[in-house]
Amino acid sequence: MTPDPNRASIALVGAGPRGTSIIERIGAQLSSEEAEAGFELELHVIDDAPSGAGRIWRSDQHRELCMNTLAHAVTLFTEPGSTVAGPVRPGPTLYEWCLLVRGEGEAGESSAPGGGTDPEFAAALAAIPSAHERAFASFPVRAGLAADYRDELARMRPESHPSRALYGEYLSWCYDRAVAGLPEGVRVIRHRSRAVGVERAEGSARESVRLASGERIAADAVVLATGWMPRSPTPAERELARAIAGRPGLSWVRPGSPAEQDLSPVRAGEPAIVRGLGMGFFDTMALLTIGRGGRFVEDPAAPAGLRYEASGREPILHVTSRRGVPFRAKTLYGSLPPSPEQRFARGVDWAAVARPIDFNRVVWPRIVADAYFDHAATLRRARPGSVTAEEPELLRAIQAAVDALLADPAAAGELFEAPARIGEAVAPFVPDPALRFDLASEMLPVQRDFASPDEFDAWVRQRVLADLREAELGHDSAVKAGLWSISQARGTAGVLGTLGGFDAESRESGYALLTAIGGMVGSGPPAFRNRQLLALAEQGLVRFIGPDARLDVDERGFAARSEAVAGSELVAPALIDAWMHFHRLSETADPLAASLLAAGRARPFAVADRSGAGRTTGAFDLDAASGRLIRADGTPDPAILIAGIPVDEAVHGTIISPMPGTDPPMLRETDRVARTALGIAGAAHRTAGTAHRREDAPCQIPAP
């Protein structure tokens, strides 16, 4: 399709979930009453990955890879009550969409529309809001979708963990629907390539976006919705690459998305060292076991009720991480998880607190207080008699401990001091020491040395098994209530810390600790993955090296050992790094980001430290109110905007998929960026005869 120089033009770099949402928000803004009549727009969508799903959620990945988010806790649609500036356009959550896909498929196969005789399914369909049904009916799903996912759709529940491939199908449908729903005056041109640079030649009124294909695109506004961006290897990774160069017998699977990592060099029956015990590890574990023909079968005699039957093609995984233990399993609530009240963390008028805030001293004690209260309150309800105080007395005791801690600045800044003091305040009300909450053991899970690898293995297996038992208690698990409180506090803290709300020192210590612990206890795998882990450990196919394992390369191969576990050294011909690098603008390997940095059109976001100096983060700097990049000279760029993961360290929460009922930050961000881009493009279009774009073009949608 030939570009039209007479139309306003926006280049959207990224066709994944955020790009999809931006397209939908552009359509919503242009369909609003304040939109300019007859406005014509050319929208260039640039990405070499699948539309909607992007690289991470593409629908051709192994069906065994699943989300760690619940089906009914994901949406890409705005909802009544949302604070977006543009029109609210409701639509189905992932779970509702799956129900409707299944219902449509079954209606096409029989004369019984709506799912035949399954009363539970019929009731679930009937509960879907009519606005969501209408949004689904407004655009067809791809032919054969229901048949391709028949079994998974039949098992779907609100608390299910869908396959990533199925989520990719939802995102692809959202993309196609968003494009089809654009007003008549919008023309979409899809470029299946990567953007590698943006320039504005002297005297030009438009940006020139360079693609890897050699093509150039003229645009009034450029929106970066790139998702995960590549980062240059770390010094340790460069040294590792040098050490294995010329040694074909050694295989290193570098950090990346599990859907894109090549595990074929990891040989059957041989040891492989795995670094990482989060979701990346569990995906790797699944691909190297079920993905190689093994299977899990129910077995009441097995520790977690599951036994593994090997195919003979599995390697033996020796796993380590900084903390040395697997992420905790998702709690089996049988519903969406609860929303902790967070009385202490939210009981402050934070708007009146001067920035930057010392997170360690001021925020962390309150987060810890909430966790201990939520634990005690749940314990009191679930196990009558185990807590000797009423809730008001508990609150007073915890508040007194917090007040004493805040009055002692030196102690308040010590991260282990808050759980120690607040734990001491609650302990008299929980007579049985075995029932008390122990947050310190999550901050530092391995607190002693082990005499042998077998002893450490047995200890980790018991920890995982105990956690699974707590997960099965659902809402009645006091331990999980306390841990979930910590996990949910990430959202509250993220709002407070946005745009430099925390000083650099506490960002790098306490806030980083909250993020890490919150991820480990609240963003872990579905419980069935931890059951599978135990089954594999029982077969000796997964072993645990210990925390903080040191990795070397010598004449034997990769060698790893943990100082906490005697005799833990393990030598293997394969190393798997089971994580994804976070983007750092100063270390970017993305040619587009590098070109913007070199041209002075982007700079890293910086936060103040306690001396008053600034420290750079890995994020792009931006004007959060509009989404514009901040240039090297500190001024907003006139035409380039950004949304999503590459600005997470500046605004926080950009990695989290939109959750229904939460006024999702991602959808507010995409709405804001779409509005700004339309304002820039509209202003440029109305002044098309001028030689230069006005840098103070209004950040609003085209208006009469």
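Buried, in this talk, means under 20% relative accessible area, exposed means over 50%, and partly exposed is in between, with a 1.4 Å probe and protein chains only. Helices (H or I, at least four residues) and strands (E, at least two) are DSSP runs, numbered from the N terminus.

The model is predicted: local features need pLDDT of at least 70, side-chain atom pairs count only at pLDDT 80 or more, and totals for chains, interfaces and linings use all residues. Residues are numbered from 1 along each chain as its sequence is written, and side-chain values use heavy atoms, with hydrogens and water left out.

I start with helix H3. H3 covers residues 119–126, and its buried residues are Phe121, Ala124 and Leu125. Looking down the axis of H3, these buried residues fall within an arc of 100°, so they line one face of the helix. That arc is taken from the directions from the helix axis to the C-beta atoms. Pro119, Glu120 and Ala126 are exposed on the other side of H3. What do the buried residues of H3 pack against? They pack against helix H2, residues 94–109, where contact means heavy atoms within 4.5 Å. At the start of H3, the backbone nitrogen of Glu120 has a side-chain oxygen of Asp118 within 3.1 Å.

Next, a single residue in another helix. Ser172 sits in helix H7, residues 164–180. Is Ser172 buried or exposed? Its relative accessibility is 18%, so Ser172 counts as buried. With neighbours within four places in sequence left aside, Ser172 is in contact with Ser51, Gly52 and Ala53.

Now the strands. Two strands pair if DSSP finds at least two bridges between them. S4, S5 and S6 form an open sheet of three strands in the order S4-S5-S6, with antiparallel pairing. S4 (195–199) and S6 (216–219) are the edge strands, each pairing on one side only. From one strand to the next, the twist averages 25°; axes are lines fitted to C-alpha atoms, and angles run from 0 to 180 degrees between N-to-C directions. S4 and S5 (residues 207–211) are joined by four bridges, and Val198 stands opposite Val209 in S5.

S18 runs antiparallel to S19 (residues 614–620), with four bridges joining them. Pro604 stands opposite Phe620 in S19. Five residues lie between the strands of this hairpin, and Gly612 takes a positive phi near 95°.

Terms used. Polar contact = N/O pair within 3.5 Å; in protein donor to acceptor, adjacent residues only side chain to side chain.
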